[in-house]
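Trainee: Could you show me how to read the features of a protein model, going from a single residue to the whole chain?

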Amino acid sequence: MVTMKSTKLTKGGQTTVPKEVRTALGIADGARVYWLFDGRRAWVSAAPADPLEVTGEEDFRARLAEAETDVASGRVRDAQSVSAELRARYGLA
């Protein structure tokens, strides 16, 4: 069952998480909440998103493009080259 609740946003950008939502998610006073945003909608959660969870084809393609950019820029390296470097460094070759 999906329930919709509304709250007002203060001038400072703050809002109250409705009691029913806090109770259902186990959010206590002083707890951290996490916001997920896909460019159109936002969700609030009591736990951070799983960075490995793919939410759909668009998300998959965006992550793939980001990974390809990271590889092309040298920010990441393939596992074989890292493994070979470590074996050589520690005399395990």
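**Reading the model step by step**

Mentor: Let us start with one residue, keeping in mind that this is a predicted model: Asp70 lies in helix α2, which covers residues 57-73.

Trainee: With which residues is Asp70 in contact, leaving aside its neighbours within four places in sequence?

Mentor: Apart from those neighbours, Asp70 touches Arg75 and Val76, and with Arg75 there is a polar contact between the two side chains, at 2.7 Å.

Trainee: What is found at the start of α3, and what follows that helix?

Mentor: At the start, a side-chain oxygen of Asp78 comes to within 3.1 Å of the backbone nitrogen of Gln80, while after the helix comes Gly91, which has a positive phi near 65°.

Trainee: Is Leu92 buried or exposed?

Mentor: A residue is called exposed when its relative accessible area is over 50%, and Leu92 is therefore exposed, since its relative accessibility is 60%.

Trainee: Which pattern does the protein follow along the sequence?

Mentor: The order is α-β-β-α-α, made up of three helices and two strands.

Trainee: How does the radius of gyration of the protein stand beside that of a compact globule of 93 residues?

Mentor: Such a globule would have a value near 12 Å, whereas the protein has 21 Å, and its C-alpha trace spans about 60 × 30 × 30 Å along the principal axes. Buried residues, moreover, make up 5% of the 93 residues.

How values were computed. Residues numbered from 1 in each chain as written. Predicted model: local features only at pLDDT ≥ 70, side-chain atom pairs only at ≥ 80, totals over all residues. Heavy atoms only, no water. Buried < 20%, exposed > 50% of the residue type's maximum accessible area, 1.4 Å probe, protein only. Helix = DSSP H or I, 4+ residues; strand = E, 2+ residues; numbered from the N terminus. Polar contact = N/O pair within 3.5 Å; in protein donor to acceptor, adjacent residues only side chain to side chain. Contact = heavy atoms within 4.5 Å. Rg over C-alpha atoms; globule rule 2.2 N^0.38 Å.
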